[in-house]
Amino acid sequence: MLLPIFIMIPFFGGILCWMFEKYNIKISHYIALMIMSIMLILSVALSLYNSQIVFPRMYDPYWDFEYNSPWISRFGITFHLAADGLSVIMLILTSFLGIISILSSWNNIEKNIGFFYLNLLWILSFSIGIFLSIDLFLFFFFWEIIIFPIYFMMVLWGYKVKNKPMCVNRNFFANKFFMYSQCSGLILLCSILFLVHSNYVSTHILSFDYDVLRNISLNPFLETCIMLGFFLAFCIKIPIVPFHSWLPDFHTYSPITGSLDISGILLKPAVYALLRFNIVLFPHSSYIYSNIFMWCGVITIFYSACVSFSQTDIKRLIAYMSISHMGFVLIAIYSFNKIAYQGIIVHTISYALSTSALYYLIGRLFKYTRTRDMRSMGGLWSDIIWIPGFSLCFAVANLGIPGTGNFVGEFMILLGTFFNHSVLVCIVAFSLIISALCSLVMIQKTYFGLCSQNRNSILIQDISIIEIIIPTILLVVLIFIGLYPNIILNIFEFSLNNIQTIFLNSILTTRL
C-alpha cells in the first residue's frame, strides 16, 4: 500500500488546498508546502530502505517495491504499481522540484490560490503515477490526465499579452499544447492496443501488464510498427525536432511555476518511458533503428542550438537550449551503453535543476524590469545585487562546467556513446561550442552593455530572503551532485543493469 500513497497524498492535498482557500488564503501555501515536504521525506526514506535491501537482491531482476490490485478485470487491466531505483530517483526529483515550485509561487499568485495549488499538486501526483505505473493502461491513464491541470494552469495564470490578436495569446498556445499532447496520447493508445492484441492472439491472455508484455515474441514487422508508435508518442513530449514547436510557445506564455514544472518534471516522463518501455519491450527493432534515432538526436541538437541564437525572448532562448540538450539524451538512450545510461539520469536531474533555476531567475528579472525581451535589457549587472551572479552560475552549469552535476552527466553520456559511435560523438562535441556561445550571448545581452530602458534601481535591489534561498539551494544541490555523483549512481545502478541485461539477452538470442 506504500506506492499508492505517493499518488494519493498530493492528489488529496490539492483538494485540501482548494477547500481551505475560503477560510484563509495563506493556508493553501502551507498545506501545499507541507504535502510536498512529506513526499520528499517519504521518497528519501524509500531510497534509503532500497539501499539496505539492494545487496541481497542484486541478482533479482524484478522490482524493489510493488503493489498490485484488480481494477478492470474483464479487460486484464490492473492497478499495478512498482518501483526500482530508477523510479525512486524520479520520485525524489519530482518531490524536490515540487517544493521549489511552491516556494517560487509563494508571493506571485494572487488569484484563486487554492485552485492553483490543486492544479500544481495534481500535476505532481499524476507525474508520480507515470513513474510508478507498470500496467500500460494505467500508464496511459496518467499520461493523458496530466494534460488537464497543465492546461488550466497556463490558461488561468499564464503570461498575458495585452491588445494582441488571438494567435499570440496564452489561450491559443495552451490549445496548441493540448492538441500536441492529444496526438501523443492517441498514438500511444493505438500502439498499446496493438501490443496487447498481439499478445492475446499468441497466448490468449488479455493483459496490459508490463511484466507479461515484455516476454512476448512479435514478428519483426509488427514489432517495428508498434515500437515506432511508442517512439513517436514519447518524442512529441520530450520533444524532438520536428515535434518541438509547442515547447518554446508553452514556456513563453506559461507562468513561472508552470515553466519550472515543464522543464523540471514534465519532460522527464518521456525520457523515463523511452528507457523503461521502448528499450525493454522492443529490443530488436530498437537496435535496428538505433542509428536513425541517434541522428535524429544530432539534428535536434544542432537545429535547436542554432535557432536559439535568433531568439529575443530570454525564455524562448532557454527553451530551445533545453530541446538541444534533449538531443543528447536521445543519443545516449540508443547507444545501449551502461555508462551512457547512468549519464542520462545524472544529466536529466542536473539539467532539471539548472534550467529550473534559470526560469526562476527570469521570473524575478521580469518582476523588476517588466520585460523578457533581451533587446530591452542590458546593463543590469550593477543594478541587481544577486540575479546576475546566480544567472551566470547556472548558465555555465548548463554548459557542463566541471564541479557541477551537468558536467558529470554530459561526460558520461559522451564517454559511453563514444565506445560504439566515435564519429557521431566527435560531431556532437562541436555543438558544445554553439551552446557556450548561446549562454554567453544571453548573459551579455541581459546584464552587460548599455541600459536600454529607464529602471528604478531601488526596486531592483528590494529583495526578499526567499528569493535568495531558492537559487542557493538549487546551486548547492547541483554542486553536491557534481562532487559526489556516486550517491545518485548507487540508487539506480541495479535498475539500469536490469534494463541493459534484458536488452542484451534479447539481442544475443536473436543473433544465435
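This briefing covers the core, helix packing, aromatic pairs and backbone features of one structure. The model is predicted: local features need pLDDT of at least 70, side-chain atom pairs count only at pLDDT 80 or more, and totals for chains, interfaces and linings use all residues. Residues are numbered from 1 along each chain as its sequence is written, and side-chain values use heavy atoms, leaving out hydrogens and water.

**Nonpolar core**

- The largest nonpolar core has 170 residues. Such a core is a set of buried Ala, Val, Leu, Ile, Met, Phe, Trp, Tyr and Cys residues joined through side-chain atoms within 4.5 Å.
- Buried means under 20% relative accessible area, exposed over 50%, and partly exposed in between, with a 1.4 Å probe and protein chains only.
- Leu-195, Phe-234, Tyr-334 and Ile-345 have the most contacts inside this core.
- Helix α16 (residues 338-369) gives the most to this core, with 17 residues. Helices (H or I, at least four residues) are DSSP runs, numbered from the N terminus.
- Beyond four places in sequence, Phe-234 touches Phe-139, Trp-143, Leu-188, Ala-270, Ala-273, Leu-274, Phe-277 and Asn-278. Contact means heavy atoms within 4.5 Å.

**Helices α5 and α6**

- The axes of α5 (residues 136-145) and α6 (residues 147-157) come within 5 Å and cross at roughly 5 degrees. Axes are lines fitted to C-alpha atoms, for helices over the stretch in contact, and angles run from 0 to 180 degrees between N-to-C directions.
- That crossing makes α5 roughly parallel to α6, a label for angles under 35 degrees.
- On the α5 side, Trp-143, Glu-144 and Ile-145 meet Ile-147, Phe-148 and Pro-149 of α6.
- The residues of this contact divide into five nonpolar, no polar and one charged. Ala, Val, Leu, Ile, Met, Phe, Trp, Tyr, Cys and Pro count as nonpolar, Asp, Glu, Lys and Arg as charged, and the others, Gly among them, as polar.

**Aromatic pairs**

- The structure holds 45 aromatic pairs. Rings of Phe, Tyr and Trp (its six-membered ring) pair if their centres lie within 6.5 Å; planes under 30 degrees apart count as stacked, over 60 as edge-to-face and the rest as tilted.
- Tyr-151 and Phe-178 pair edge-to-face, at 5.5 Å centre to centre and 65 degrees between the planes. Tyr-151 lies in α6 and Phe-178 in α7 (residues 170-203), so the pair ties together parts 27 residues apart in sequence.
- Phe-407 and Phe-411 are stacked, because their ring centres are 6.0 Å apart and their planes are at 20 degrees. Both lie in helix α18 (residues 405-418), four residues apart, about one turn of the helix.
- Phe-407 is partly exposed at 32% relative accessible area, and Phe-411 is partly exposed at 47%.
- One aromatic cluster includes Phe-11, Phe-12, Tyr-67, Trp-71 and Phe-208.

**Asp-211**

- Asp-211 sits in helix α8 (residues 210-213) and is buried at 18% relative accessibility.
- Beyond four places in sequence, Asp-211 contacts Trp-63, Glu-66, His-80 and Ile-134.

**Backbone features**

- The Ile-238 to Pro-239 peptide bond is cis, with omega near -5 degrees. The Val-241 to Pro-242 bond is cis, with omega near 15 degrees.
- Pro-239 is in the loop between α9 (220-237) and α10 (246-253); Pro-242 lies in the loop between α9 and α10.
- His-204 has a positive phi, near 60 degrees. His-204 is in the loop between α7 and α8 and is exposed at 63%.
- Phe-336 has a positive phi, near 55 degrees. Phe-336 lies in the loop between α15 (314-333) and α16 and is buried at 11%.

Methods
Helix = DSSP H or I, 4+ residues; strand = E, 2+ residues; numbered from the N terminus. Parallel < 35°, antiparallel > 145°, perpendicular 65-115°, else oblique.
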